[in-house]
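Have a look at the fold, then read on.

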Amino acid sequence: MSAARRLAEAFPKLRAHRRLSSSAAASPPTHAPSAASLLDDLLSSRAPSASALSLLLETPSLAAELYSLLAAPSHALTPASLALLLSLPSCHRLPPTSAPVLAALLSKLLARPPSSPADAARFLCDSLAAGAPPPDKSAFNTLFAALARAGDLPGITKLFSSMRDAAVRPDVVTYGIFVNGLCKAGRVGDALRMLDGMSGSASDVRPDVVMLNTVVDGLCRSGRVQEAVNFVEERMMSVHRCAPNTVTYNCLAVAFCRAGNVGMACELVGRMEKEGVAPNVVTLNTIVGGLCRVGKIGGALEFFKEKRTVWPEAKGNRVTYSTLVGALLHVNNVGVAMELFHQMADEGHSPDAVMYFTMISGLTQAGRLEDASSMASSMKKAGFQLDAKAYNILIGGFCRKKRLREAHELFGEMKEAGLRPDVYTYNTLLSGLCKAGDFSAVDELLGKMIDDGCRPSVVTFGTLVHGYCKAGKIDEALKIFRSMDESGIQPNTVIYNTLIDFLCKSRDAGLAIELFDEMSEKRVPANVTTFNAMFKGLRDKNMAEKAFELMDRMREERCTPDYVTIDVLMEWLPVIGETERLKDFMQQRAPKRTTS
């Protein structure tokens, strides 16, 4: 074979071999997927596949990379990635292999809106159970604090157990959070047992004053005040060698004041001063508030004046002044209340909306309407808006003084301010108009009330019934009374008493008896006022048999007669020869003197 021919036959074979070689070179060898692609695959499926889990178990470095991706700030914890993260250690025993990565994941779980410390705690406990290296105690304490804020005491208890199993030693912060959680949950006994454990020779952690004060507060809040005092004297000072501080004494003083034992609270304050423990504004406010609550307002004022000059940290604040001003107004000591109000502002404590409202209410109740109106103006100038309750108080004050023009001006101002008058507003104005005898204005206002969508109440009907009765318009009062059925409002005892009283006074005893019997049918209870009105009406008509019937009924219904009842019957029954019946009635039911 010639060389040319050999070469011609060889070239096709060489080209084929070259194609095979280049084809082989173009196909890279198969290798494991990257952590990023594996994460995408895991998040796109409902549950991790068996092959993916096997790959993660067989390749620890790949699992570590996967956790690093989940911990990265750039990766958002979506519901899918959260579900994956929580399932890896709990369901598949694939925990993070790095303590810093575990700590980063915990921080990320806690920062996830809405924050879920329970998820973070579960993830940490499951990871530790699956063999993860524990993070340092600061990571545990951060999680403990989050669980405490959420009030998750079972979560704290479980995490504390996992912490100890992982050989991470709790410090004073850990114990402090746990003790606080126990006390807040009312488990003060468990908190005391934890302190006992810390006091043992094997413990290298000693409780600090914050933790001990937490126990004192827990005992006080559970009503065990004397036990709290004993704890301070016998355990805090003797066993733990920890001196009580301002917070300790304040906890005890608050508890004694809450129990009404202000004298003991004052003794504690004296002990504070002797021991050189500095009282603060909380101490001042505790004693001032305690004295005011038991009615010793003068003592509270003297205490305030004395201590604000000798306690450098307790000059008084807005709470102090508000407490004193409110108490002084309650006993109608308006002059001193006004002095304190202005003193408060002079010392840089700007009144808040509550303080202004207290002043408006107190001044109105004392009949100082000009001062109350001036205070309302000052409140608005200070940037606060009067609410419906404040307007109602002012309107009520002007109505009581029969200054209806000013009351209606306030009513209009209230509506202009965008506030909707309520049923109390309308009832107050209707009462004022009824007392003034302006029934055309009553009808007009009642129409506005209904047009404004304000549903009349039983008080509305009672106001109208009383107003018309007092004006001698009993027929109109009865029409209003009968319209209550259409309105779906049940008349009460007061309304029946009003009608019965005025009917008896107008010598219409028959209709009064009908209404009295109707009360029983409608299960509206009669009281001593009802019976007294009926006795007067029956006496005027000399209807003795009906009166005897009512006397028996009073006994049956255990309605105690008062001195009005006895006076009416004593003026009447002996005159008609029924002295024995009267004696029998009085012996069976001794009358009580009323204060009304």
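Which residues does threonine 214 touch, not counting residues up to four places away in sequence? They are Val179, Asn180 and Cys183. Keep in mind that this is a predicted model. Threonine 214 sits in helix H12, which runs over residues 209-221. With a relative accessibility of 14%, threonine 214 counts as buried, because the cut-off for that label is under 20%.

**The whole chain**

Stepping back, the chain has 33 helices and zero strands. Its C-alpha trace spans about 165 × 75 × 55 Å along the principal axes. The radius of gyration comes out at 41 Å, whereas a compact globule of 596 residues would have one near 25 Å. Still, 44% of the 596 residues count as buried. Among contacts with a separation of 6 or more, 61% are between residues 24 or more positions apart. As for the surface, the chain exposes about 30,600 Å², and carbon and sulfur atoms supply 54% of that area.

**The nonpolar core**

The largest nonpolar core holds 186 residues. Within that core, the residues that touch the most other members are Phe123, Leu143, Phe231, Leu499, Ile500 and Phe535. Take phenylalanine 535: leaving aside residues up to four places away in sequence, its contacts are Ala547, Leu550, Met551, Met554, Thr565, Val568, Leu569 and Trp572.

**What about the cysteines?**

A disulfide is a covalent bond between the sulfur atoms of two cysteines. How many disulfides does a search of the whole structure find? The answer is zero. Two cysteines show how that works out:

| Cysteine | Closest cysteine sulfur | Sulfur distance | Relative accessibility |
|---|---|---|---|
| Cysteine 257 | in cysteine 266 | 6.8 Å | 4% |
| Cysteine 559 | in cysteine 504 | 15 Å | 11% |

To count as a disulfide, the two sulfur atoms have to be within 2.5 Å. Why do both get called buried? Cysteine 257 has a relative accessible area of 4%, so it counts as buried. Cysteine 559, at 11%, counts as buried too, because the label applies under 20%.

Notes:
Residues are numbered from 1 along each chain as its sequence is written. This is a predicted model: local features need pLDDT of at least 70, side-chain atom pairs count only at pLDDT 80 or more; totals for chains, interfaces and linings use all residues. Side-chain values use heavy atoms; hydrogens and water are left out. Helices (H or I, at least four residues) and strands (E, at least two) are DSSP runs, numbered from the N terminus. Buried means under 20% relative accessible area, exposed over 50%, partly exposed in between (1.4 Å probe, protein chains only). Contact means heavy atoms within 4.5 Å. A nonpolar core is a set of buried Ala, Val, Leu, Ile, Met, Phe, Trp, Tyr and Cys residues joined through side-chain atoms within 4.5 Å. The radius of gyration is taken over C-alpha atoms; the globule rule is 2.2 Å times the number of residues to the power 0.38. Accessible areas come from the Shrake-Rupley method with a 1.4 Å probe; for residues, only the protein chains shown count as cover.
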